[in-house]
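The sequence and coordinates are shown first.

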Amino acid sequence: MTATNHALTGATIGLLVGNPLIALPAALISHFVCDAIPHFGLQDPRSIGGSNFGRMLVVDAALCVGLVALLYVNQPLHWQLASLSAFAATSPDLMWIGKFRRARRGQPDRPTRSVVLRLHSGIQWFQRPIGALVEVAWFVGLGSVVLTLLSA
């Protein structure tokens, strides 16, 4: 899933749960649950080295920052926890930085020995362009929930 949808999921958990001992681990686990749902992905692994993918990452990061800014400006109950939970839900994707850097440099990808990386890759069984429909539905659905919680 996109970082924006992971962040929306984490923020929703933080806003609804309110207890950091529950919300932060739940937000982290939500990342892997969301990645098991069919979602957007590029079928050609070389695509991640391209400028279109780079622009997509910039837009995704900007939307995540916008979410945290929205939480800060509105300051609903548990907004700080929602911001931390948004980061916790997004953070497992930081594991892919090495792969992204190698692709940008035109270097071949290396097989990983990391059990966590293999698990993270394995649960993403359906990453295709058509998965963008799921991403949009997720964004609209959870975006609506967050906006509702901001006005409560």
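## Lining of the largest pocket

The lining of the largest pocket comprises 21 nonpolar, eleven polar and seven charged residues (Ala, Val, Leu, Ile, Met, Phe, Trp, Tyr, Cys and Pro count as nonpolar, Asp, Glu, Lys and Arg as charged, and the others, Gly among them, as polar). This is a predicted model, in which local features need pLDDT of at least 70 and side-chain atom pairs count only at pLDDT 80 or more, while totals for chains, interfaces and linings use all residues. Residues are numbered from 1 along each chain as its sequence is written, and side-chain values use heavy atoms, with hydrogens and water left out.

In total, 39 residues line the largest pocket, and Met 1, Phe 53, Leu 57, Asp 93 and Trp 96 lie nearest its centre. Two or more lining residues come from each of helix H1 (3–17), helix H3 (51–74), helix H4 (79–90) and helix H5 (97–105); helices are DSSP runs of H or I with at least four residues, numbered from the N terminus. H3 gives the most, with seven residues. The volume of the largest pocket is about 1100 Å³. A pocket is an open set of points on a 1 Å grid over the protein atoms alone, where a 1.4 Å probe fits, with protein on both sides within 12 Å along at least five of seven lines; lining residues have an atom within 4 Å of a point. Points are joined across faces, edges and corners, and the volume is the space filled by probe spheres set on them.

## Cysteines

The whole structure contains zero disulfides (pairs of cysteine sulfur atoms within 2.5 Å). For Cys 34, the nearest cysteine sulfur is that of Cys 64, 13 Å away. Cys 34 is buried at 2% relative accessible area, and Cys 64 is likewise buried, at 16%; buried means under 20%, exposed over 50% and partly exposed in between, with a 1.4 Å probe and protein chains only.

## Aromatic and charge contacts

Two aromatic pairs are found in the whole structure (ring centres of Phe, Tyr or Trp, the last by its six-membered ring, within 6.5 Å; planes under 30 degrees apart are stacked, over 60 edge-to-face, the rest tilted). The rings of Tyr 72 and Trp 79 have centres 5.5 Å apart and planes at 70°, so this pair is edge-to-face. Tyr 72 is exposed at 51% relative accessibility, whereas Trp 79 is buried at 17%.

The charged end of Arg 128 sits over the ring of Phe 126, 4.9 Å from the ring centre (NZ of Lys or CZ of Arg within 6 Å of the centre and within 35 degrees of the ring normal).
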